[in-house]
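Please work through the exercises below with the model open beside the text. Each task is followed by a solution in steps.

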Amino acid sequence: MALTFQTVIGLEIHVQLATKSKLFCACSTDYIGARPNSNVCPVCLGQPGSLPVVNGRAVELAVMVGLALGSTVQQATRFHRKNYFYPDLSKDYQISQYDLPICAGGRLSFRDDDGVEVSVAITRAHLEEDAGKLVHPSADGRLAGARYSLVDYNRSGVPLLEIVSEPDITSPAHARRYTEEIRRLVRCLGVSDGDMESGSLRVDANISQKVSDGRWGSRVEIKNMNSLRSLERALEYEVKRQRKVLGEGGEIRQETRHWDDGEGKTRPMRGKEEAHDYRYFPDPDLPPLIVESDRLKGIAAVMPELPWQAESRLVSAYGLSDDDAKIFAESADTVAYLDGCIRAGADPKRAANWIRTEVLRVLNEQKIDLATFTLEASDLASLLALVDGGKLSTTAAKDVFDVMVRDGVALEPAMTASGVTAGLVEGSQLEDIADKILAENEEAVEAVRSGRDPKGKKVKFLQGLIMRETRGQADVAQVEDLLRRRLI
Amino acid sequence: MELFECSAADLARAVREGAHSVAEIVEVHLGRMDRLEPVLSAIVTPLKDEARARAAALDIALARGENPGPLTGVPVIVKDNFCTRRIRTTCSSRMLENWIPPYDATVVSYLERAGAVLIGKANMDEFAMGSSTEHSAFFTTSNPWDPSRVPGGSSGGSAASCAAGYAPLTFGSDTGGSIRQPAAFCGIYGFKPTYGMVSRYGVVPFASSLDQIGPFARTLEDLLLAMEVIAEADEKDATCSRALRPDFRKALDVTDLKGKRVGLVREFEGYDIDGPIVDALARARAALLDAGATVVDVSLPTVSHGLACYYIIAPAEASSNLARFDGVRYGLSAEADSLIDLYHRTRKAGFGPEVKRRLLTGTYVLSSGYYDAYYNKALKVVAILRDEFARAFGEADVILAPTTPTLPFRKGENIGDPIKMYMSDLFTLPANMAGLPALSLNGGYSDGLPVGIQLIGPRWGEMEIFSAAAVLEKALGAPRLAGGDL
């Protein structure tokens with residue numbers, strides 16, 4: 001009988017917390033693009049005699065994630081030292097958590113690509129400090145071939161939250177979905193920018209195979225998956241590799257493998273084979289970390305709406321489609337903006353449509369986020385109110401919108417600046433415009449009058465010109481009527 | 001009376017009143033240092049130019065009518081594990097022989113703020129591991145009462161320089177007795193505060209859960225003055241208390257101890273203690289009774305395991321604290337062909353034998369498979385010891401005990417026998433393990449050698465100790481200046 005296999009995956013996700021200062025000192029966490037070793041102090045450089053002091057904000061962010069995942073937030077927790085020698089580790093130990101992580105247990109549920117509900121148990125989430133970065137001056141930036149290495153400690157001490165899942169994940173696609181959900185969560189909570197490419201969110205996977213003949217393949221750890229796509233590809237590769245080995249009666253070596261995105265392969269990491277003895281012990285420089293009940297309640301009280309909560313609310317309260325709701329729930333700011341518009345009187349679907357197409361477009365073009373976007377939700381709502389009231393055509397409204405965004409002005413001045421008036425262009429105003437257009441297009445007028453426009457193309461052309469001149473603010477029926485009278 | 005014989009309080013007063021300039025005071029103390037240093041070898045780095053410049057600046061400030069602080073013009077010396085900005089900080093180790101810290105220890109900045117003048121950095125056992133300064137990588141300090149003997153350790157240079165009048169106030173760190181044992185050997189006050197009373201920030205650690213910073217002085221008033229300056233909250237040290245400190249100098253007004261109970265530890269009776277120390281304890285006991293105190297027996301059944309547990313916990317923490325000396329960022333960096341080679345060569349060349357012994361012990365007791373048998377078990381014993389102390393302090397307000405089992409030993413006498421060397425910490429390390437304040441004070445002299453005794457208080461019970469010490473100073477006299485015949 002042919003063998004069948006079951007994939008078993010557990011993920012460890014390191015989330016870089018979006019604090020201004022590092023986990024144990026006041027240095028800036030803004031290391032991207034910073035001059036090497038410019039955001040450093042005696043503490044994060046591990047200078048003899050320096051001591052760590054816990055950043056309260058990092059604790060709060062960790063608690064928020066714990067609350068969102070339904071973890072038990074441990075009110076008495078502590079830090080351990082994980083001892084190992086490596087040049088990027090400024091003290092030659094990492095301050096991490098061991099027996100008492102700040103968040104214990106929890107669960108994350110999501111729908112997979114086929115809409116099936118999946119639930120993954122969370123083992124724990126703990127706080128720890130990041131290490132510095134080694135820079136190898138070889139041609140390809142790799143260690144091999146470099147004559148020396150440089151260390152940049154700007155990242156040393158940046159706070160990380162390591163979220164560890166149970167081995168509940170059964171496919172590479174689910175691993176990708178789980179990671180997407182974690183990313184959406186941390187973004188919505190404002191806990192991290194969740195950017196995998198820049199390393200704000202790093203995923204290590206443990207993957208093994210259970211074989212139908214009762215064998216269990218050893219667990220293999222995969223590292224260096226820098227995007228959701230490479231995570232899924234790496235795991236797919238590994239599933240195939242492990243099944244092939246096991247299918248041929250071989251054994252899987254327990255090891256750490258490195259994903260090579262260019263080659264599309266995992267390969268064993270050299271020199272990482274020996275078992276480490278990290279000699280964990282409680283860090284005597286840090287007293288037990290107590291999260292008082294009041295503080296915990298305070299954090300719970302200011303928890304934003306979670307993405308999955310927002311998603312279902314947008315569908316049920318506003319009648320948004322599932323797809324739209326998902327796009328909005330990607331970021332708490334976007335949800336808040338939509339809520340603001342609707343609170344200010346805008347029609348939910350129109351507001352959603354405008355935000356998705358116009359607002360997000362501008363944000364994308366200008367590479368900014370809603371926090372720095374000048375147009376208030378209430379301003380957008382007043383603009384949309386004019387559209388709803390038939391006072392402004394969609395075309396005109398978009399012109400006004402662009403001016404409001406470009407010049408950072410309110411609705412009225414933007415309308416003046418773009419030469420649009422609220423309300424229909426009709427009566428003598430419309431007649432004047434029509435006369436002007438007809439005067440400018442004598443050829444077309446002549447053609448129509450002499451019956452050389454059997455398909456009405458010229459009439460349509462003239463009608464378009466009038467509509468453009470009124471910025472869509474004329475009633476099409478009125479324009480047609482007017483033209484018919486004028487062109488007889 | 002020479003200026004170097006004066007107390008810090010007297011010098012600060014003289015400066016305030018304009019009787020002496022800071023420059024004059026500093027010069028006299030530098031002169032004293034110059035004269036005795038060839039014999040004592042207490043100082044790793046003298047700071048003559050820095051001290052003179054600072055004295056001149058202080059004199060100018062004083063002339064402008066400023067009052068920089070309670071220690072204005074007082075020369076001070078700190079142990080060479082206190083980080084000093086732009087001034088090398090060696091920990092008496094080859095590893096840090098040329099290391100210049102980019103920052104000041106909190107205690108150093110508090111002293112500076114109070115107007116003190118740092119005139120030197122004192123010799124110590126390498127990384128504070130030792131009881132004699134014989135484990136300094138540079139030289140051994142001599143006891144100013146008898147240069148053939150050790151001054152004690154690890155803060156031996158600080159103790160010897162205070163006793164000999166280089167400075168009226170010096171500072172050290174105490175992990176298992178490293179302030180009190182050399183204070184006893186040099187015949188002066190040496191105080192280890194409650195864990196968390198004084199900031200450890202910027203003092204290169206030996207064992208973080210046990211280390212505490214404290215002063216040496218030749219008068220109780222000076223000791224308390226120093227405590228008022230250094231015992232302040234510090235947001236850079238998470239283990240340093242944020243609570244307000246008492247007004248320590250109030251203890252100087254105490255004349256009687258009516259209603260106070262002085263505890264004697266039953267388990268300490270069984271140890272072999274030098275006769276003069278037993279006699280000094282009896283004199284102290286009589287003086288305390290005279291002042292109205294009662295004497296009670298207290299019991300610390302687990303204290304006999306203290307030494308064993310200390311030599312598990314302290315090396316364990318040290319093995320992690322000293323890992324950072326790897327040749328990558330600062331200090332000694334050996335020529336090497338590879339990363340692992342760099343680690344091996346640097347640490348082989350940089351650390352002395354006693355440090356290596358403790359790092360090996362500490363690494364071993366934290367290893368998987370041994371953690372529970374050693375480190376974890378030691379922590380459990382410490383928890384029991386803390387409970388026993390808490391119970392004892394229900395029955396007594398302060399404990400009177402020996403500081404050391406012996407008088408100052410001769411150089412070389414114990415160097416080949418680590419266990420015997422470790423034994424000199426027997427009576428001091430329980431206070432570190434329980435986080436308690438403890439004071440060594442002079443209880444008299446025997447054949448020209450000082451005899452130290454110890455007062456141990458409950459957590460945050462500094463005032464209990466200082467009150468008893470005030471009574472004892474009045475009855476037994478303040479320490480004498482050492483080095484008179486050198």
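The model is predicted: local features need pLDDT of at least 70, side-chain atom pairs count only at pLDDT 80 or more, and totals for chains, interfaces and linings use all residues. Residues are numbered from 1 along each chain as its sequence is written, while chains are lettered from A and ligands numbered from 1 in the order in which they are written.

**Exercise 1.** Compare the radius of gyration of chain A with that of a compact globule of 488 residues.

Solution. 
1. The radius of gyration is taken over C-alpha atoms, and the globule rule is 2.2 Å times the number of residues to the power 0.38.
2. For 488 residues the rule gives a value near 23 Å, but chain A has 30 Å.
3. Along the principal axes, the C-alpha atoms of chain A fill a box of roughly 95 × 60 × 50 Å.
4. An automatic or database assignment supplies the domain bounds. For chain A these are domain 1 (5-293), domain 2 (305-417) and domain 3 (427-487).
5. The C-alpha centres of domain 1 and domain 3 of chain A are separated by 67 Å.

**Exercise 2.** Describe how the two domains of chain B meet.

Solution. 
1. Chain B is divided into domain 1 (3-259 + 397-476) and domain 2 (304-377).
2. Their C-alpha centres lie 27 Å apart.
3. Two residues are in contact if their C-beta atoms, placed from the backbone, lie within 7 Å. In chain B, 25 residues of domain 1 are in contact with 23 residues of domain 2.
4. On the domain 1 side, α14(B) gives the largest share, 3 residues. Helices are DSSP runs (H or I, at least four residues), numbered from the N terminus.

**Exercise 3.** Which helix of chain B gives the most to the side that touches chain A?

Solution. 
1. The contact takes 33 residues from chain B and 26 residues from chain A.
2. In chain B, α9 (306-321), α10 (339-350) and α11 (353-366) each supply at least two residues of this side.
3. The helix that gives the most is α9(B), with 3 residues.

**Exercise 4.** Check the span of α9(B), and state how many of its residues are buried.

Solution. 
1. The expected span is 1.5 Å times one less than the number of residues.
2. The 16 residues of α9(B) should therefore span 22 Å, and its end C-alpha atoms are 22 Å apart, which agrees.
3. A residue is buried if 20 or more other C-beta atoms, placed from the backbone, lie within 10 Å of its own, exposed if 12 or fewer, and partly exposed in between.
4. Of the 16 residues of α9(B), 14 are buried.
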